[in-house]
Amino acid sequence: MTYPTIDTLPDLSPNKMAGAAPLKFESIYDNNSAPRWDVGAQFHSASAGFVADVFHFSGVEGGTYDIHSFNAREATMLKLYDQFGNAVATGRDPATTSFGQDALTHFVAPYSGTYYIGTGWIEIMVEPFNNVSIYGNLGAAAPTTNERNGGAGDNIYSATDRSDIYDGGAGYDTVYYTGDRADYNIVEHDGVLTVTSRHIHAGTDQLRGFELIKFDDASIDLPYAALAQALYVGYFGRAADVGGLASFQAQLAAMGAPSSLNALGAMYGSDARVRTLIDSFGASSESQALYTGDNQAFVKAIYRNVLNRDADQAGLDFWSHAIDAGSLTRANASLSIMAGAKSNGSPQGLADATLVDAKISVASNFTYALESTGVGATYAGAGAAGIARGLLGSVNPASDVNDVQTAINQAIVRLSLLPRSPFAHAGDAPQAQPDLPPIVLAGIDASHGPGAWAA
């Protein structure tokens, strides 16, 4: 029994599960509706006082279910949980539907057994009205989850209205989604992307090994998006803004750049386009505002903010002397240190690489969430950059990216409360905010020593 869960939502508590009210199905014999429902169950109440907001029902594997909820007050999103309390599906965003109503349609049960419905009802009215109804079509018995392994070839998939678990394999793999980019939530964790619709239940998809996601209005080139995010984290110590990430992703793709940090660093010395792109970080006015100290202070900042520790003396001497001598620019040094951390096999190096990966994942999910919710414009100015740096500063090697998702959502809410002053991207390069106070940046550790990193 394999099916995806929505790990970014909290589990249903044992107390809620124990107190859930039953929904008992009755057969529907005279049904001329389309689709034709075999069973139905309903609860309604107009009584003041406490009303249960969690229900349970017995589902049949392969059966298709529609769930509708109404509350006299604005409800939070309807959620469906499995027998263990894991969230497996959500309804429409109440903000996009009629007041107090929510619905989860075309849910296909992945197993036979108990499911829980969390209605999220709010009960503060003298004469409340609550209703939840569920209808099931038990004759469909269609596959509940599409599972495919792409192998070594190039594969193209179209997402279905069921839950998809796809492993693209070794080729260049693409998945198409109907609708705009902002219609979907995307969360990355440990190399797996979880994609869910924000408006209708179209399954919960898990994608591994894909290179391209295409929507009706936009595309995400996943390797370049991750690489561009790493550059922002490594040099500016913050997640990329939506426009900046899209711009750098497009520039890397246009020049056919490699998608790994090590290969990009090796290409720096031989390709003027790569050199110009990387050095644009160090040449930006944002960099001038962030780094007012000497090169030793710059290297210390990289260690402290991304690795959560001070630089060892050997690393500090090597990197700062290389920048002083002109054999490395600051931007290339930042890239080189990050690449070294990703390939360092020592115990400290492995811990550093784990931390780096976690911070890049959190940064990616931050930018994904900005884009999904359509509030990218709120991520602008010194205060916003500080919030993003604080978020990354809370990450440690043991952090579970799914657990950090709540902090990401809270950070985005805080952005809306700040005064606006935009990030400026002259020539699509990250630029400064004159009001940004000097602050040490985030970077990554590496094994030290001469090699392919010289400019």
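At 39% relative accessibility, asparagine 308 counts as partly exposed. Partly exposed is the range between buried, under 20% relative accessible area, and exposed, over 50% (1.4 Å probe, protein chains only).

Before going on, the ground rules. This is a predicted model, where local features need pLDDT of at least 70 and side-chain atom pairs count only at pLDDT 80 or more, while totals for chains, interfaces and linings use all residues. Residues are numbered from 1 along each chain as its sequence is written, and side-chain values use heavy atoms, with hydrogens and water left out.

Back to asparagine 308. Its place is in the loop between helix H7 (295-307) and helix H8 (313-325); helices (H or I, at least four residues) and strands (E, at least two) are DSSP runs, numbered from the N terminus. Phi of asparagine 308 is near 60°, a positive value in a residue other than glycine. Histidine 106 is not a glycine either, and has a positive phi of about 60°. Histidine 106 lies in strand E8 (residues 101-108) and is partly exposed, at 42% relative accessibility.

Next, salt bridges. A salt bridge is a side-chain nitrogen of Lys or Arg within 4 Å of a carboxyl oxygen of Asp or Glu. How many salt bridges does that rule give? The count comes to six. One of them joins the side chains of lysine 16 and aspartate 53, at 3.1 Å from N to O. This pair links distant parts of the chain, 37 residues apart: lysine 16 sits in helix H1 (residues 14-18), and aspartate 53 in the loop between strand E3 (39-45) and strand E4 (54-59). Lysine 16 is partly exposed at 36%, whereas aspartate 53 is buried at 17%.

Aspartate 241 and arginine 238 meet in a salt bridge at 3.5 Å, N to O. Is this pair buried or exposed? Aspartate 241 is buried, with a relative accessible area of 8%, and arginine 238 is buried at 0%.

Arginine 304 forms a salt bridge with aspartate 310, with the closest N and O atoms 3.8 Å apart. Here arginine 304 is partly exposed at 35%, and aspartate 310 is exposed at 56%.

Aspartate 271 is buried, with a relative accessible area of 12%.

Last, aspartate 403. This residue lies in helix H12 (residues 401-415) and is exposed, with a relative accessible area of 59%.
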